[in-house]
Amino acid sequence: MKRLQLSRAQILAYRRTVQALDQRLPPGPDSLRQAAWAGLQDSMPRAALLSIHARVAGTTSSAWEDPSLVQVWGPRYSVYVVAARDLAVFTLGRWPDDARGRRKAGEVAASMRDVLGERRMRDRDVADAMGGVGNRIRYAAPTGTILIRWEGALAPTIWAVPAPKVDPMDARIELARRYLHVFGPTTAEAFAEWAGIGAAQGRVAFAALDGSLTPVRTPIGDAWILTADEPVIRAKAAPAAAARLLPSGDPFYLLQGADRELLVPEAERRRSLWTSRVWPGAVLLRGEVIGTWRRAGATVLIQSWRELQAGDRAAIEAEAESLPLPNLAARVHARWDD
């Protein structure tokens, strides 16, 4: 099959469109679900909230607590906010293929349910009651029977829920479909790395989608998109938003390998965005990542990689000051690290 040729500009415009980064969605549960279509990493306190703010109008500091959302240990056992109705996708979708992995997940989940009963407990207390298993309690995540609530400063609270009535393979195929929609063009290998599953599992999921995929050629190599997304990626790009501040781990730059080169071509700038420790946030200006940001209390410190016009600086400052951060004694204000 002939491969569709895609440019960098087409790919980034497509990703911004499907991630609602050019025009915010209206408030409501449907928009929250769309914003979290591939999950929202929440490993940094309230990162998921700021990812929602970048995509949904009228986001308040409590948006991450909406009843339509839940927290789980999702891809790569990181904390994620996902739509409650999509629990199976982000848990059972990572169910191990091997008997040993399935047995381990099932045994850990059963032990946790014995300890928890109907209670909510700190994860460390549950781990201690199970004989000091530590972070191994996260092995229960792919069963879909454990929900969490993490405030950021304290240990997560966890509790048991009934197992989703979904076939794990169906859940994995849906997880791959969502990854393709949000991160495409992409490959089975990139999907497996993002999801924290084996490379073979990723290839099987992509093979199951074979009739729904279109091969493409990108500046960084051959990849795939969902055939249903081809009209969107071919369409004329909408005007990019003036500014967005994306938190650490936001889906727009939750990338590995050559995908990082596509988003940020300059090696030095990639090193300042994807650091060896905690990533800073990314400053998105008219569709391009042009710098990083970090926060200390009510101060948002912005570092630009290039000289900016006064209007661009004002747009970024306005976006920073609109961040719906909870429990602050003062209003958020922006400061430039020039």
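**From salt bridges to one strand**

Arg-269 has a relative accessibility of 27%, so this residue counts as partly exposed. The model is a predicted one. Glu-266 is also partly exposed, because its relative accessible area is 37%. The side chains of Glu-266 and Arg-269 form a salt bridge, with 3.6 Å from N to O. Elsewhere, Arg-33, Asp-86, Glu-174, Arg-177 and Arg-178 belong to one network, joined by salt bridges that share partners. In total the structure contains 19 salt bridges. Side chains of opposite charge can pair when their charged atoms come close.

Another of these pairs is Arg-149 with Glu-65, whose side chains meet at 2.4 Å, N to O. Arg-149 has a relative accessible area of 29% and is partly exposed; Glu-65, at 39%, is partly exposed.

Because Arg-8 belongs to helix H1 (residues 8-18) and Glu-288 to strand S12, the pair ties together parts that are 280 residues apart in sequence. Arg-8 is partly exposed at 23% relative accessibility, and Glu-288 is partly exposed at 28%.

What stands opposite Glu-288? The residue is Leu-285, and Glu-288 faces Leu-285 from strand S12. This brings us to strand S11, the part to look at closely. S11 and S12 (residues 288-296) run antiparallel and are joined by five bridges. The two strands make a hairpin with two residues between them, and Arg-286 in the turn has a positive phi of about 45°.

S11 also has a partner in strand S10 (residues 243-246): they pair in the antiparallel sense over four bridges. Here Ala-282 of S11 is the bridge partner of Leu-246.

Is S11 covered or open? Strand S11 covers residues 281-285 and is mostly covered, with five of its five residues buried. In a regular strand, side chains alternate between the two faces of the sheet. In S11, Gly-281, Val-283 and Leu-285 point one way, Ala-282 and Leu-284 point the other way, and all are buried.

In soluble globular proteins, nonpolar side chains tend to be buried together. The largest nonpolar core here has 47 residues, and those touching the most other members are Phe-191, Trp-194, Leu-263 and Val-289. S11 is one of the elements that give two or more residues to this core; the others are strands S3 (69-73) and S4 (79-83) and helices H4 (87-91), H7 (168-183), H8 (188-195) and H9 (199-208). H7 supplies the largest share of this core, with seven residues. Another core, of 19 residues, lies apart from the largest one and includes Val-108, Val-115, Leu-116 and Met-130.

Leaving aside residues up to four places away in sequence, Val-289 touches Phe-252, Leu-263, Val-264, Leu-273, Ala-282, Val-283, Leu-284 and Trp-305. Ala-282 and Leu-284 point one way from S11 and Val-283 the other way.

How values were computed:
Residues are numbered from 1 along each chain as its sequence is written. This is a predicted model: local features need pLDDT of at least 70, side-chain atom pairs count only at pLDDT 80 or more; totals for chains, interfaces and linings use all residues. Side-chain values use heavy atoms; hydrogens and water are left out. Buried means under 20% relative accessible area, exposed over 50%, partly exposed in between (1.4 Å probe, protein chains only). Two strands pair if DSSP finds at least two bridges between them. A nonpolar core is a set of buried Ala, Val, Leu, Ile, Met, Phe, Trp, Tyr and Cys residues joined through side-chain atoms within 4.5 Å. Contact means heavy atoms within 4.5 Å. A salt bridge is a side-chain nitrogen of Lys or Arg within 4 Å of a carboxyl oxygen of Asp or Glu.
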